[in-house]
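Biologist: I am new to this one. Could you show it to me before we talk it through?

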Amino acid sequence: MGFFALFLAAPALDLLRFDLHEAQLWFGGQRWTLGIAAFQRGELTATQVALSIFLRGILPAVALVAAFLAVARRFGRVYCGWLCPHFSLVEGLNDLLHRASGKLSVWDRHPVPRGGRVPQRRWWPLFALACAIFGFLWAITLLTYLLPPREIWGGLLSGTLTPNQARFLAIGSVVFTLEFAFARHLFCRFGCAVGLFQSLAWMSNPRALVMAFDRARAAECRGCATADAPAGDACEVACPMRLRPRQVKRLMFSCVQCGQCLAQCEQSHAGRSASPNLQWTIGVDALRETLRQRRDDRSR
(Lines give C-alpha, C1' and ligand atoms only; values in the text may rest on other atoms or scores of the structure.)
Protein backbone atom coordinates (compact mmCIF):
# COMPACT_ATOMS: atom_id res chain seq x y z
CA MET A 1 0.00 0.00 0.00
CA GLY A 2 2.95 2.32 0.63
CA PHE A 3 4.23 1.70 -2.89
CA PHE A 4 0.70 2.24 -4.19
CA ALA A 5 0.65 5.69 -2.57
CA LEU A 6 4.14 6.40 -3.92
CA PHE A 7 2.98 5.54 -7.44
CA LEU A 8 0.19 8.10 -7.18
CA ALA A 9 2.26 10.82 -5.52
CA ALA A 10 5.55 10.49 -7.43
CA PRO A 11 4.66 12.93 -10.26
CA ALA A 12 3.40 15.63 -7.89
CA LEU A 13 6.56 15.35 -5.80
CA ASP A 14 8.79 15.31 -8.91
CA LEU A 15 10.18 11.97 -7.80
CA LEU A 16 9.76 10.57 -11.29
CA ARG A 17 8.09 12.10 -14.32
CA PHE A 18 8.86 13.27 -17.84
CA ASP A 19 7.64 16.74 -18.80
CA LEU A 20 6.62 16.71 -22.46
CA HIS A 21 6.47 20.53 -22.54
CA GLU A 22 10.14 20.86 -21.64
CA ALA A 23 11.31 17.41 -22.83
CA GLN A 24 12.72 17.16 -19.32
CA LEU A 25 13.08 14.16 -17.00
CA TRP A 26 12.56 14.79 -13.30
CA PHE A 27 14.04 12.29 -10.85
CA GLY A 28 14.31 12.56 -7.07
CA GLY A 29 13.06 16.13 -7.14
CA GLN A 30 15.81 17.27 -9.51
CA ARG A 31 16.07 17.88 -13.22
CA TRP A 32 17.92 14.96 -14.81
CA THR A 33 19.84 16.38 -17.75
CA LEU A 34 22.18 14.79 -20.30
CA GLY A 35 24.07 17.99 -21.08
CA ILE A 36 22.60 18.41 -24.57
CA ALA A 37 21.32 21.93 -23.84
CA ALA A 38 24.73 22.92 -22.45
CA PHE A 39 26.36 21.54 -25.59
CA GLN A 40 24.03 23.61 -27.76
CA ARG A 41 25.04 26.70 -25.79
CA GLY A 42 28.70 25.88 -26.37
CA GLU A 43 29.39 25.12 -22.69
CA LEU A 44 30.41 21.48 -23.31
CA THR A 45 32.52 19.82 -25.97
CA ALA A 46 31.27 16.91 -28.07
CA THR A 47 33.35 14.49 -26.00
CA GLN A 48 31.98 15.84 -22.74
CA VAL A 49 28.36 15.63 -23.85
CA ALA A 50 28.90 12.10 -25.21
CA LEU A 51 30.35 11.06 -21.84
CA SER A 52 27.45 12.74 -20.04
CA ILE A 53 24.90 10.89 -22.17
CA PHE A 54 26.61 7.58 -21.40
CA LEU A 55 27.05 8.16 -17.65
CA ARG A 56 23.70 9.86 -16.97
CA GLY A 57 21.52 8.16 -19.57
CA ILE A 58 22.65 4.84 -20.99
CA LEU A 59 24.54 3.45 -17.99
CA PRO A 60 21.81 4.08 -15.36
CA ALA A 61 19.14 2.64 -17.67
CA VAL A 62 21.16 -0.51 -18.39
CA ALA A 63 22.07 -0.92 -14.70
CA LEU A 64 18.43 -0.53 -13.63
CA VAL A 65 17.17 -3.09 -16.14
CA ALA A 66 20.00 -5.52 -15.30
CA ALA A 67 19.36 -5.26 -11.56
CA PHE A 68 15.61 -5.69 -12.04
CA LEU A 69 16.06 -8.80 -14.18
CA ALA A 70 18.71 -10.20 -11.82
CA VAL A 71 16.25 -10.00 -8.94
CA ALA A 72 13.52 -11.54 -11.12
CA ARG A 73 15.83 -14.35 -12.22
CA ARG A 74 16.51 -15.24 -8.60
CA PHE A 75 13.14 -14.60 -6.99
CA GLY A 76 10.58 -14.47 -9.82
CA ARG A 77 7.84 -11.88 -10.16
CA VAL A 78 8.32 -10.43 -6.69
CA TYR A 79 7.69 -6.91 -7.98
CA CYS A 80 4.26 -8.00 -9.22
CA GLY A 81 3.32 -9.78 -6.02
CA TRP A 82 4.68 -7.30 -3.49
CA LEU A 83 4.95 -3.83 -5.04
CA CYS A 84 2.87 -3.50 -8.21
CA PRO A 85 -0.04 -1.04 -7.70
CA HIS A 86 -2.10 -2.89 -10.31
CA PHE A 87 -1.78 -6.15 -8.40
CA SER A 88 -3.00 -4.42 -5.23
CA LEU A 89 -6.14 -3.47 -7.15
CA VAL A 90 -6.49 -7.00 -8.53
CA GLU A 91 -6.68 -8.38 -5.00
CA GLY A 92 -9.05 -5.68 -3.76
CA LEU A 93 -11.41 -5.90 -6.74
CA ASN A 94 -11.35 -9.70 -6.58
CA ASP A 95 -12.64 -9.44 -3.03
CA LEU A 96 -15.41 -6.99 -3.93
CA LEU A 97 -16.54 -9.12 -6.87
CA HIS A 98 -16.56 -12.21 -4.70
CA ARG A 99 -18.75 -10.46 -2.14
CA ALA A 100 -21.17 -9.53 -4.93
CA SER A 101 -21.28 -12.75 -6.96
CA GLY A 102 -19.31 -15.46 -5.19
CA LYS A 103 -16.88 -15.46 -8.13
CA LEU A 104 -13.38 -14.06 -8.55
CA SER A 105 -13.93 -13.17 -12.21
CA VAL A 106 -17.00 -12.41 -14.27
CA TRP A 107 -15.84 -15.21 -16.58
CA ASP A 108 -16.02 -17.91 -13.88
CA ARG A 109 -18.72 -20.45 -14.60
CA HIS A 110 -19.25 -21.45 -10.99
CA PRO A 111 -18.95 -19.63 -7.65
CA VAL A 112 -15.73 -20.07 -5.70
CA PRO A 113 -16.38 -20.86 -2.01
CA ARG A 114 -14.33 -18.51 0.14
CA GLY A 115 -14.66 -17.68 3.82
CA GLY A 116 -18.20 -19.02 4.04
CA ARG A 117 -19.50 -15.91 2.26
CA VAL A 118 -22.98 -15.67 0.85
CA PRO A 119 -23.03 -13.43 -2.25
CA GLN A 120 -25.00 -10.22 -1.78
CA ARG A 121 -26.10 -8.06 -4.68
CA ARG A 122 -25.63 -4.87 -2.69
CA TRP A 123 -21.88 -5.18 -3.37
CA TRP A 124 -22.33 -4.86 -7.15
CA PRO A 125 -22.65 -1.03 -7.17
CA LEU A 126 -19.54 -0.74 -4.99
CA PHE A 127 -17.58 -3.03 -7.32
CA ALA A 128 -18.66 -1.05 -10.40
CA LEU A 129 -17.92 2.26 -8.66
CA ALA A 130 -14.47 1.05 -7.57
CA CYS A 131 -13.63 0.01 -11.15
CA ALA A 132 -14.72 3.42 -12.46
CA ILE A 133 -12.92 5.44 -9.77
CA PHE A 134 -9.65 3.57 -10.08
CA GLY A 135 -9.93 3.58 -13.87
CA PHE A 136 -10.11 7.38 -13.81
CA LEU A 137 -7.38 7.61 -11.16
CA TRP A 138 -5.08 5.44 -13.29
CA ALA A 139 -5.69 7.58 -16.37
CA ILE A 140 -5.03 10.89 -14.66
CA THR A 141 -1.99 9.54 -12.80
CA LEU A 142 -0.39 8.32 -16.03
CA LEU A 143 -1.06 11.70 -17.63
CA THR A 144 0.69 13.46 -14.74
CA TYR A 145 3.77 11.35 -15.45
CA LEU A 146 3.93 13.12 -18.83
CA LEU A 147 2.62 16.61 -18.08
CA PRO A 148 2.91 18.84 -14.98
CA PRO A 149 0.51 17.54 -12.29
CA ARG A 150 -0.45 21.11 -11.33
CA GLU A 151 -1.55 21.76 -14.92
CA ILE A 152 -3.61 18.56 -15.17
CA TRP A 153 -5.32 18.73 -11.77
CA GLY A 154 -5.82 22.47 -12.08
CA GLY A 155 -7.32 22.09 -15.55
CA LEU A 156 -9.57 19.30 -14.34
CA LEU A 157 -10.90 21.31 -11.40
CA SER A 158 -11.35 24.50 -13.39
CA GLY A 159 -12.62 22.83 -16.57
CA THR A 160 -9.74 24.17 -18.68
CA LEU A 161 -8.20 20.94 -19.93
CA THR A 162 -7.04 20.99 -23.52
CA PRO A 163 -9.00 18.82 -26.00
CA ASN A 164 -6.15 16.31 -26.20
CA GLN A 165 -5.87 16.09 -22.42
CA ALA A 166 -9.62 15.58 -22.11
CA ARG A 167 -9.56 12.87 -24.79
CA PHE A 168 -6.71 11.06 -23.06
CA LEU A 169 -8.55 11.08 -19.72
CA ALA A 170 -11.84 9.97 -21.26
CA ILE A 171 -10.39 7.15 -23.34
CA GLY A 172 -7.94 6.08 -20.62
CA SER A 173 -10.67 6.01 -17.98
CA VAL A 174 -12.91 3.82 -20.14
CA VAL A 175 -10.09 1.43 -21.06
CA PHE A 176 -8.83 1.05 -17.50
CA THR A 177 -12.35 0.70 -16.09
CA LEU A 178 -13.12 -2.13 -18.52
CA GLU A 179 -9.78 -3.77 -17.76
CA PHE A 180 -10.40 -3.64 -14.01
CA ALA A 181 -13.89 -5.03 -14.45
CA PHE A 182 -13.26 -7.81 -16.96
CA ALA A 183 -9.57 -8.57 -17.51
CA ARG A 184 -7.61 -8.12 -14.30
CA HIS A 185 -6.05 -11.59 -14.28
CA LEU A 186 -5.68 -11.76 -18.05
CA PHE A 187 -3.74 -8.50 -18.14
CA CYS A 188 -1.38 -9.57 -15.34
CA ARG A 189 -0.78 -12.97 -16.91
CA PHE A 190 -0.49 -12.11 -20.59
CA GLY A 191 -0.63 -8.35 -21.17
CA CYS A 192 1.94 -6.86 -18.79
CA ALA A 193 5.40 -6.55 -20.33
CA VAL A 194 7.03 -6.00 -16.92
CA GLY A 195 5.56 -9.24 -15.63
CA LEU A 196 6.36 -11.13 -18.83
CA PHE A 197 10.08 -10.31 -18.71
CA GLN A 198 10.25 -11.20 -15.01
CA SER A 199 8.68 -14.57 -15.77
CA LEU A 200 11.08 -15.23 -18.66
CA ALA A 201 14.07 -14.44 -16.44
CA TRP A 202 12.67 -16.65 -13.67
CA MET A 203 11.99 -19.59 -15.97
CA SER A 204 15.58 -19.48 -17.25
CA ASN A 205 16.99 -20.19 -13.79
CA PRO A 206 16.44 -23.72 -12.41
CA ARG A 207 17.73 -22.56 -9.01
CA ALA A 208 15.23 -19.70 -8.67
CA LEU A 209 12.72 -19.42 -5.85
CA VAL A 210 9.87 -21.81 -6.53
CA MET A 211 6.91 -23.26 -4.68
CA ALA A 212 7.58 -27.00 -4.41
CA PHE A 213 4.81 -29.52 -3.87
CA ASP A 214 5.40 -32.78 -1.99
CA ARG A 215 3.64 -35.18 -4.36
CA ALA A 216 4.36 -38.18 -2.16
CA ARG A 217 1.84 -36.71 0.31
CA ALA A 218 -0.67 -35.57 -2.30
CA ALA A 219 -3.44 -37.58 -0.62
CA GLU A 220 -3.39 -35.10 2.28
CA CYS A 221 -4.73 -32.42 -0.08
CA ARG A 222 -8.12 -34.13 -0.19
CA GLY A 223 -8.98 -32.63 3.19
CA CYS A 224 -7.23 -29.29 2.90
CA ALA A 225 -10.26 -27.18 3.77
CA THR A 226 -9.65 -23.93 5.63
CA ALA A 227 -11.84 -21.10 6.87
CA ASP A 228 -11.29 -19.29 3.57
CA ALA A 229 -11.78 -22.40 1.46
CA PRO A 230 -14.29 -24.68 3.21
CA ALA A 231 -14.82 -26.76 0.06
CA GLY A 232 -11.13 -27.68 -0.26
CA ASP A 233 -8.41 -26.81 -2.77
CA ALA A 234 -7.43 -23.98 -0.45
CA CYS A 235 -4.24 -23.07 -2.31
CA GLU A 236 -6.09 -22.69 -5.62
CA VAL A 237 -8.89 -20.64 -4.09
CA ALA A 238 -6.36 -18.29 -2.49
CA CYS A 239 -4.29 -17.67 -5.64
CA PRO A 240 -5.15 -14.19 -7.00
CA MET A 241 -3.70 -15.13 -10.40
CA ARG A 242 -6.09 -18.11 -10.74
CA LEU A 243 -3.24 -20.63 -10.90
CA ARG A 244 -2.99 -24.14 -9.47
CA PRO A 245 0.06 -23.99 -7.17
CA ARG A 246 0.50 -27.77 -7.03
CA GLN A 247 1.47 -27.85 -10.71
CA VAL A 248 5.01 -27.93 -12.07
CA LYS A 249 6.99 -24.74 -12.54
CA ARG A 250 6.49 -24.47 -16.30
CA LEU A 251 2.72 -24.28 -15.70
CA MET A 252 3.22 -21.57 -13.05
CA PHE A 253 4.73 -19.10 -15.52
CA SER A 254 2.76 -16.12 -14.20
CA CYS A 255 3.17 -16.87 -10.47
CA VAL A 256 3.75 -13.60 -8.60
CA GLN A 257 5.35 -15.22 -5.53
CA CYS A 258 2.77 -13.71 -3.18
CA GLY A 259 2.81 -16.79 -0.94
CA GLN A 260 -0.94 -16.85 -0.33
CA CYS A 261 -1.14 -20.48 -1.40
CA LEU A 262 1.49 -21.40 1.18
CA ALA A 263 -0.39 -19.51 3.89
CA GLN A 264 -3.51 -21.54 3.12
CA CYS A 265 -1.53 -24.78 3.06
CA GLU A 266 -0.08 -23.96 6.47
CA GLN A 267 -3.57 -23.28 7.81
CA SER A 268 -4.85 -26.60 6.49
CA HIS A 269 -2.01 -28.38 8.32
CA ALA A 270 -2.52 -26.53 11.58
CA GLY A 271 -2.68 -29.00 14.44
CA ARG A 272 -1.06 -31.77 12.42
CA SER A 273 2.44 -33.03 12.98
CA ALA A 274 3.26 -32.94 9.27
CA SER A 275 4.68 -29.89 7.54
CA PRO A 276 2.72 -28.17 4.73
CA ASN A 277 2.73 -29.88 1.33
CA LEU A 278 3.78 -26.60 -0.28
CA GLN A 279 7.20 -25.15 0.59
CA TRP A 280 9.41 -22.36 -0.73
CA THR A 281 12.61 -23.74 -2.22
CA ILE A 282 15.59 -21.89 -3.67
CA GLY A 283 19.13 -22.66 -4.75
CA VAL A 284 20.11 -26.33 -4.68
CA ASP A 285 16.70 -27.40 -3.34
CA ALA A 286 14.97 -25.57 -6.19
CA LEU A 287 17.30 -27.27 -8.68
CA ARG A 288 16.38 -30.68 -7.25
CA GLU A 289 12.69 -29.77 -7.61
CA THR A 290 13.23 -28.71 -11.23
CA LEU A 291 15.10 -31.94 -12.06
CA ARG A 292 12.43 -34.03 -10.35
CA GLN A 293 9.71 -32.29 -12.38
CA ARG A 294 11.62 -33.01 -15.59
CA ARG A 295 11.92 -36.68 -14.65
CA ASP A 296 8.19 -36.83 -13.93
CA ASP A 297 7.44 -35.23 -17.31
CA ARG A 298 9.62 -37.77 -19.13
CA SER A 299 8.04 -40.67 -17.25
CA ARG A 300 4.60 -39.59 -18.46
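Modeller: We can go from the overall picture to individual residues.

Biologist: What kind of model is it, and how many helices and strands does the chain have?

Modeller: It is a predicted model. The chain has 13 helices and five strands.

Biologist: What does the C-alpha trace span along its principal axes?

Modeller: The span of the C-alpha trace is about 75 × 50 × 30 Å. The chain has 300 residues, and 40% of them count as buried.

Biologist: And how much accessible surface does the chain have?

Modeller: The accessible surface comes to about 16600 Å², with 66% of that belonging to carbon and sulfur atoms.

Biologist: Let us move to helix H10. Which of its residues are buried?

Modeller: Helix H10 covers residues 193–203, and its buried residues are Gly195, Gln198, Ser199, Ala201 and Trp202. They sit on the same side of H10, because they cover an arc of only 165 degrees around the axis.

Biologist: What covers those buried residues of H10?

Modeller: The cover includes helix H3 (46–75), helix H4 (78–82) and strand S4 (210–213).

Biologist: Where is arginine 77 placed?

Modeller: Arginine 77 is in the loop between H3 and H4.

Biologist: Is arginine 77 buried or exposed?

Modeller: Arginine 77 has a relative accessibility of 2%, so it counts as buried, the cut-off being under 20%.

Biologist: What does arginine 77 touch?

Modeller: Leaving out residues up to four places away in sequence, arginine 77 touches Cys188, Arg189, Gly195, Gln198, Ser199, Phe253, Ser254, Cys255, Val256 and Gln257. Gly195, Gln198 and Ser199 are among the buried residues of H10. A polar atom of the arginine 77 side chain also lies 2.8 Å from the backbone oxygen of cysteine 188.

Biologist: How far apart are arginine 77 and valine 194?

Modeller: In sequence they are 117 residues apart, while the C-alpha to C-alpha separation in space is 9.0 Å. For the chain as a whole, consider contacts with a separation of 6 or more: residues 24 or more positions apart account for 66% of them.

Biologist: What about alanine 23, then: where is it, and is it buried or exposed?

Modeller: Alanine 23 lies in the loop between S1 and strand S2 (24–27). Its relative accessible area is 55%, so alanine 23 is exposed. Alanine 23 has a positive phi as well, of about 50 degrees.

Biologist: On to the surface. Which residues form the nonpolar patch?

Modeller: The patch is formed by Phe3, Leu6, Leu13, Leu15, Leu16, Phe27, Trp82 and Leu83, with about 760 Å² of accessible area together. One of them, leucine 15, is in the loop between helix H1 (2–9) and strand S1 (16–19). Leucine 15 counts as partly exposed, at 32% relative accessibility.

Biologist: Last one: what does the side chain of serine 101 reach?

Modeller: Serine 101 is found in helix H5 (residues 85–101). Its side chain reaches the backbone nitrogen of lysine 103 at 3.2 Å. Not counting residues up to four places away in sequence, serine 101 touches Pro119 and Trp124.

Methods:
Residues are numbered from 1 along each chain as its sequence is written. This is a predicted model: local features need pLDDT of at least 70, side-chain atom pairs count only at pLDDT 80 or more; totals for chains, interfaces and linings use all residues. Side-chain values use heavy atoms; hydrogens and water are left out. Buried means under 20% relative accessible area, exposed over 50%, partly exposed in between (1.4 Å probe, protein chains only). Helices (H or I, at least four residues) and strands (E, at least two) are DSSP runs, numbered from the N terminus. The arc is that of the directions from the helix axis to the C-beta atoms. Contact means heavy atoms within 4.5 Å. A polar contact is a pair of N or O atoms within 3.5 Å; within protein, one must be able to donate a hydrogen and the other to accept it, and residues adjacent in sequence count only if both atoms are side-chain atoms. Patches are made of residues with over 30% relative accessible area and no salt bridge: like charges are joined within 9 Å, nonpolar side chains (Val, Leu, Ile, Met, Phe, Trp, Tyr) within 5 Å. Accessible areas come from the Shrake-Rupley method with a 1.4 Å probe; for residues, only the protein chains shown count as cover. A salt bridge is a side-chain nitrogen of Lys or Arg within 4 Å of a carboxyl oxygen of Asp or Glu.
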